[in-house]
Amino acid sequence: MAFRRGGHPPSGPGADAAPAGPPDRAAAPAGSRADVAAPPLLVACALGIERLALRSGERAAGTHPRVTVVRTGMGPRAAERSVARALAEPALRGAAVVATGFCAGLVPGMHPGDLVVAEETRDPLGTVTCAGSATLAGALARVAPGRTVHTGVLTGSDHVVRGAERAELRATGAIAVDMESAATLRSALYGPGAPPGGRPVAAVRVIVDAPEHELVRIGTVRGGISAFRVLRAVLPAFYDWHRSLPLPRR
C-alpha cells in the first residue's frame, strides 16, 4: 500500500446523466443495539455504474446499520438538489456524508484504480474542509491493499476536464477533479436543513482517468475495470471512518 499527498486535479469522468434514483437503505437487524445507537451515514454517488459497484460491494462486506446510498445524477446542480432532498428526510437529519465515485487524476504517475481522499473540496463557490481524512486514508489502504491512496485537494468542475485545463487545475494545487463532490459537501453543510453545528463530510474518489491514461469517450469506463473493482471495496473503509467520528449517539 502507498500514500501520496500533493498536487494535481483530474477531469471528472462523465457517464450517463440519468436522473437521480431513490435512496438505497441497508436495514439493521430489528431491535439490534447498533440500530438504536448508530447515527446515520449518507453515501452519495452520481452514476448508475458507481451505485452498482457500491451495492455489490455492500453485499460482500455486510451492511452498516444505518447507511443510505443515493444516486444523485451527474453534475453539480443535480448533486446539490439530490443531497439536499435526501438530507431533508427525518431519518437522515444530522447524517455524516461521503461523496464518492470516479474521478480524473491531475498528477502525472496516477493510475486507474488509485484512490483520492480529499482533505478539502473546492470549486468556484467555495471550499469545504473534510473530516478525518487521515483515518479514512488508512482505512482505504487496508481494504484496497496494493492501491495508492492520494490525499489532497479535490476540485470541482461543471464539465469534463481535458488537456491543458487539466494542467491549469493542477497548478492551483488540486490533485484530482470530479463534477459532484464539492457540490455534494457544500449542500450537506450549507443547504436547507443543515444542522447549525455542521456535520462530518468526506470525499473519496477512484481514479478512472489520469494524465497518461485519458479516456477516449467520457461516457464509458473502458479501461476502468480496475477502478470499478476498487470502488466495490471501499464501503468497509467508510464504515470505519464513520465509527471513528465524534458524532452524537442516538
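Reply: Glu50 counts as buried because its relative accessibility is 2%, where buried means under 20% relative accessible area, exposed over 50% and partly exposed in between, with a 1.4 Å probe and protein chains only. Please keep in mind that this is a predicted model, in which local features need pLDDT of at least 70, side-chain atom pairs count only at pLDDT 80 or more, and totals for chains, interfaces and linings use all residues. Residues are numbered from 1 along each chain as its sequence is written, and side-chain values use heavy atoms, with hydrogens and water left out.

Glu50 belongs to helix α2, residues 48–61; helices are DSSP runs of H or I with at least four residues, numbered from the N terminus. From there, the side chain of Glu50 reaches the backbone nitrogen of Phe102 at 2.9 Å. Leaving aside residues up to four places away in sequence, Glu50 touches Cys45, Thr100, Gly101, Phe102, Arg205 and Leu231, contact meaning heavy atoms within 4.5 Å.

Let us follow one of these neighbours, Leu231. Leu231 is among the buried residues of helix α7 (residues 225–232), together with Ala227, Phe228 and Val230. Seen down the axis of α7, these buried residues fall within an arc of 165 degrees, so they line one face of the helix; the arc is that of the directions from the helix axis to the C-beta atoms. On the other side of α7, Ile225 and Arg229 are exposed. An α-helix has 3.6 residues a turn, so residues three or four places apart point the same way.

How values were computed
Helices (H or I, at least four residues) and strands (E, at least two) are DSSP runs, numbered from the N terminus. A polar contact is a pair of N or O atoms within 3.5 Å; within protein, one must be able to donate a hydrogen and the other to accept it, and residues adjacent in sequence count only if both atoms are side-chain atoms.
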